[in-house]
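Hi,

Here is the structure I promised to pass on to you. Have a look at it first, and my notes on it follow below.

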Amino acid sequence: MRISDFWRLMDDEFGAGYSRVLSSSLVLAGVGGRTADDALSAGYNPRDVWLALCDVQDVPAERRLGRDIKPSEGGRAAY
């Protein structure tokens, strides 16, 4: 998982404002007692940080993959 995917999942699940509050203040045992921001800065895999946050926040399994993103109309962009 890329960091951009992590932030998309965070914003989708918690909202753009609250996701930043959680990432900077909620301590996650699953990543060594760090906040999400600290864990990402320390090089933890964004997927591991996301799952640790989901565990603490009781995000149901069916929402841990995020919402479905529909492909753009017409498939690939023409070059």
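A word on terms before anything else: helices (H or I, at least four residues) and strands (E, at least two) are DSSP runs, numbered from the N terminus. Please keep in mind that this is a predicted model, where local features need pLDDT of at least 70 and side-chain atom pairs count only at pLDDT 80 or more, while totals for chains, interfaces and linings use all residues. Residues are numbered from 1 along each chain as its sequence is written, and side-chain values use heavy atoms, with hydrogens and water left out.

**Overall layout**

The protein has four helices and two strands, and along the sequence they follow the pattern α-α-β-β-α-α. Of its 79 residues, 28% count as buried, where buried means under 20% relative accessible area, exposed over 50% and partly exposed in between (1.4 Å probe, protein chains only). Contact here means heavy atoms within 4.5 Å. Among contacts between residues at least 6 apart in sequence, 45% join residues at least 24 apart.

**The core**

What I call a nonpolar core is a set of buried Ala, Val, Leu, Ile, Met, Phe, Trp, Tyr and Cys residues joined through side-chain atoms within 4.5 Å. The largest one holds 18 residues, and those with the most contacts inside it are Phe6, Met10, Phe14, Leu28, Val49, Trp50 and Leu53. At least two residues of this core come from each of helix H1 (3-14), helix H3 (36-41) and helix H4 (46-57).

**How the helices pack**

For the geometry, axes are lines fitted to C-alpha atoms, for helices over the stretch in contact, and angles run from 0 to 180 degrees between N-to-C directions. Angles under 35 degrees count as roughly parallel, over 145 as roughly antiparallel, 65 to 115 as roughly perpendicular and the rest as oblique. A crossing is left-handed if the near helix is turned anticlockwise from the far one by less than a right angle, and right-handed if clockwise. For residue classes, Ala, Val, Leu, Ile, Met, Phe, Trp, Tyr, Cys and Pro count as nonpolar, Asp, Glu, Lys and Arg as charged, and the others, Gly among them, as polar.

The axes of H1 and H4 come within 9 Å and cross at roughly 20°. That makes H1 roughly parallel to H4. On the H1 side, Ile3, Phe6, Leu9, Met10, Glu13 and Phe14 take part, and they meet Pro46, Val49, Trp50, Leu53 and Gln57 in H4. Sorted by class, this contact has nine nonpolar, one polar and one charged residues. H1 passes H4 in a right-handed crossing.

H1 also packs against H2, at an angle of about 115° and with the axes 7 Å apart. The crossing of H1 past H2 is right-handed. In this pair, Trp7, Met10, Asp11 and Phe14 of H1 meet Ala16, Tyr18, Ser19, Arg20, Leu22 and Ser23 of H2. The class count for the contact of H1 with H2 is six nonpolar, two polar and two charged residues.

**Loops and strands**

Leu26 sits in the loop between helix H2 (16-25) and strand E1 (27-28). Not counting residues up to four places away in sequence, Leu26 touches Val21, Arg34, Thr35, Ala36, Val56 and Gln57. Thr35 belongs to strand E2 (residues 34-35) and is buried, with a relative accessible area of 9%. Beyond its neighbours within four places in sequence, Thr35 is in contact with Ser23, Ser24, Ser25, Leu26, Val27 and Leu28.

Gly30 lies in the loop between E1 and E2 and is exposed, at a relative accessible area of 62%.

Cys54 is in helix H4 and counts as buried, at 0% relative accessibility. Setting aside residues up to four places away in sequence, Cys54 touches Val59 and Arg64. Asp58, in the segment after H4, counts as exposed at 63% relative accessibility. Asp58 also has a positive phi of about 55° although it is not a glycine.

Best wishes
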